[in-house]
Amino acid sequence: MLSRARAAVGHGRQATPLDAWPAASAGDIVVDATASEEVAAAHARWLAQGVHVVTANKLGNGTALARARQIGGIVASGVARYGDAATVGAGLPLLSSIRALAAGGDHIHSIEGVLSGSLAWLFQRFDGSQPFSACVREAMAAGYTEPDPRIDLSGEDVRRKLLILARAAGMALEAEQVQVESLVPPALAALPAGAPDTGLAQLDAPLQDALRQANGQGLKLCFVGRVDAQGARVGLRALPADHPLAGGRGTDNRVAIHSDRYREQPLLIQGPGAGAEVTAAALLDDVLGIVNR
């Protein structure tokens with residue numbers, strides 16, 4: 001199998017024209033490390049041709065339900081395999097655990113988590129001693145955010161990750177069913193690409209107020225995605241210090257799963273949820289899993 005595996009790898013955060021990629025044939029492995037809609041739209045076609053896909057691109061299973069169902073149907077037929085561990089949690093055993101619970105007959109009642117490494121870092125760092133915008137600039141300089149931090153601050157990245165987790169649990173959730181409370185005010189959202197830094201100060205007053213209120217009640221600010229029988233939502237929450245999601249440090253993702261088996265105390269999965277090294281390791285693990293099988 002190893003001699004037949006050729007990986008066509010897309011790098012970077014910008015769209016990668018497919019005509020620049022090597023042609024793939026049955027038995028090959030395509031590794032999609034892009035954030036490209038064009039590349040994600042080709043996942044189902046590659047799978048149907050017998051080409052395995054390993055991806056960190058959330059636009060495959062994290063957008064339209066019809067696309068996710070198409071990918072899942074092809075994979076279920078056994079034509080090719082789809083390695084997507086890197087799409088959520090940078091390779092933490094989130095998807096594998098949820099899929100194993102569902103396959104074993106467990107009923108998952110809710111999934112909630114701090115799903116963005118960049119937002120986890122920001123709200124760990126933000127203590128009121130400096131404006132929130134200064135923390136955002138620190139995160140940008142450290143490479144924790146997208147080049148345009150509004151992508152992280154809008155909650156769209158968390159929405160996609162929550163959709164992927166919910167669908168892995170068997171919940172047929174459309175993207176539009178996830179309520180997202182963006183941190184980005186309309187005036188900041190309206191700035192052209194490449195110029196958000198000039199408007200980051202618009203974040204400071206509302207988030208300073210939110211921090212003050214949370215501190216006054218002994219609570220901690222966390223940006224959380226949650227799905228349960230009442231619906232799906234993404235946004236800023238003030239949590240008690242002993243809440244399962246209030247721990248962690250740095251860019252840690254922290255996910256709590258309540259199910260029939262984990263009714264009183266949730267299954268908690270935590271670890272680094274951002275970074276090139278852990279993401280690359282997750283992609284390599286999925287590639288080796290396909291090759292060795």
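I take buried to mean under 20% relative accessible area. The model I am reading is a predicted one.

**Entry 1: helix 11**

With that cut-off in hand, I looked up which residues of helix 11 are buried, and I noted Ala 282, Leu 283, Asp 286, Val 287, Ile 290 and Val 291. Helix 11 covers residues 276–292, 17 residues in total. From first C-alpha to last I read a reach of 24 Å, close to the 24 Å expected at 1.5 Å a residue. I then asked what covers these buried residues; the cover includes strand 2 (29–32), strand 3 and strand 4 (82–83).

**Entry 2: helix 8**

I turned next to helix 8, residues 156–168. Its 13 residues reach 19 Å between the first and last C-alpha, which is close to the expected 18 Å. I found 11 of the 13 residues buried, so helix 8 is largely enclosed by the rest of the structure. Among the buried residues I listed Asp 157, Arg 159, Lys 161 and Arg 167, together with Leu 162, Leu 163, Ile 164 and Leu 165. Just after helix 8, I noted that Gly 170 takes a positive phi of about 95°.

**Entry 3: the loop between strand 3 and helix 3**

I examined two residues here. Asn 61 sits in the loop that runs between strand 3 (52–55) and helix 3 (65–76). Is Asn 61 buried or exposed? I recorded a relative accessible area of 13% for Asn 61; this is under the 20% cut-off, so Asn 61 counts as buried. Its side chain makes a polar contact with the side chain of Asp 84, at 3.3 Å. Leaving out residues up to four places away in sequence, I found Asn 61 touching Ala 68, Ile 71, Tyr 82, Asp 84, Arg 99, Ile 164 and Arg 167.

Thr 63 lies in the loop between strand 3 and helix 3 as well. I saw its side chain reach the backbone oxygen of Leu 59 at 3.0 Å. With the sequence neighbours up to four places away left out, Thr 63 touches Lys 58, Leu 163, Arg 167 and Ala 175. I noted that Arg 167 is touched by Asn 61 and by Thr 63, and that Arg 167 is one of the buried residues of helix 8.

**Entry 4: helix 5 against helix 6**

How do helix 5 (residues 117–125) and helix 6 (residues 132–142) pack? I read an angle of about 135°, with the axes 10 Å apart. That angle makes helix 5 oblique to helix 6. The crossing is right-handed.

Notes
Residues are numbered from 1 along each chain as its sequence is written. This is a predicted model: local features need pLDDT of at least 70, side-chain atom pairs count only at pLDDT 80 or more; totals for chains, interfaces and linings use all residues. Side-chain values use heavy atoms; hydrogens and water are left out. Helices (H or I, at least four residues) and strands (E, at least two) are DSSP runs, numbered from the N terminus. The expected span of a helix is 1.5 Å times one less than its number of residues. Buried means under 20% relative accessible area, exposed over 50%, partly exposed in between (1.4 Å probe, protein chains only). A polar contact is a pair of N or O atoms within 3.5 Å; within protein, one must be able to donate a hydrogen and the other to accept it, and residues adjacent in sequence count only if both atoms are side-chain atoms. Contact means heavy atoms within 4.5 Å. Axes are lines fitted to C-alpha atoms, for helices over the stretch in contact, and angles run from 0 to 180 degrees between N-to-C directions. Angles under 35 degrees count as roughly parallel, over 145 as roughly antiparallel, 65 to 115 as roughly perpendicular and the rest as oblique. A crossing is left-handed if the near helix is turned anticlockwise from the far one by less than a right angle, and right-handed if clockwise.
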